[in-house]
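Please look over the protein below. A short report on its model comes after it.

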Amino acid sequence: MTFSEPADGRGCPWCREKWIWRSDEPRLLGQSRDFQVQVYRCGRCGTYWEEGIVNPRVITRDQALERLPDLEERERLAGL
């Protein structure tokens with residue numbers, strides 16, 4: 001596995017480390033007040049994450065869009 005490939009739907013080694021050692025991946029895209037979570041996306045493997053009232057967990061792109069309707073614009077601004 002390379003660092004750019006997701007690992008079993010749980011992100012890559014870089015973004016999994018975020019929650020342990022505070023790496024720079026995944027990047028924060030925004031906060032959903034309705035869902036009370038922050039949405040992140042890894043710039044290396046593309047995995048979406050949410051954290052907030054839930055422990056950090058992988059979510060789908062559709063779930064990320066549900067939480068952040070302007071997701072595509074946020075990704076463009078973040079260079080993702």
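## Model and confidence

This is a predicted model: local features need pLDDT of at least 70, side-chain atom pairs count only at pLDDT 80 or more, and totals for chains, interfaces and linings use all residues. Residues are numbered from 1 along each chain as its sequence is written, and side-chain values use heavy atoms, with hydrogens and water left out.

pLDDT is the predictor's confidence in each residue, from 0 to 100. Its mean over the protein chain is 83, and 80% of the residues reach 70 or more. Confidence is highest in helix H2 (residues 61–67), at a mean of 96, and lowest in helix H1 (residues 13–21), at 73. Over residues 1–7 the pLDDT is below 50, yet this stretch has 17 contacts in the model beyond near neighbours in sequence. Contact means heavy atoms within 4.5 Å. Where pLDDT is low, the predicted coordinates should not be read in detail.

Helices (H or I, at least four residues) and strands (E, at least two) are DSSP runs, numbered from the N terminus.

## Nonpolar cores

A nonpolar core is a set of buried Ala, Val, Leu, Ile, Met, Phe, Trp, Tyr and Cys residues joined through side-chain atoms within 4.5 Å. Buried means under 20% relative accessible area, exposed over 50%, and partly exposed in between (1.4 Å probe, protein chains only).

The largest core has eight residues: Leu 29, Val 37, Val 39, Tyr 48, Ile 59, Ala 64, Leu 68 and Leu 71. Apart from it lies another core, of six residues, including Cys 12, Cys 42, Cys 45 and Trp 49.

Gly 30 lies in strand S1. It is buried, at 8% relative accessible area. Leaving aside neighbours within four places in sequence, Gly 30 contacts Val 37, Gln 38, Val 39, Leu 68 and Arg 74.

Gln 36 sits in the loop between strand S1 (27–32) and strand S2 (37–41). Its phi is positive, about 55°, although Gln 36 is not a glycine. At 48% relative accessibility, this residue is partly exposed.

## Polar and ring contacts

Glu 51 belongs to strand S3 (residues 48–52). It is buried, with a relative accessible area of 19%. Its side chain makes a polar contact with the side chain of Tyr 40 (3.4 Å). A polar contact is a pair of N or O atoms within 3.5 Å; within protein, one must be able to donate a hydrogen and the other to accept it, and residues adjacent in sequence count only if both atoms are side-chain atoms.

Arg 67 lies over the face of Phe 35, at 4.5 Å from the ring centre. Such a charge counts if NZ of Lys or CZ of Arg is within 6 Å of the ring centre and within 35 degrees of the ring normal.
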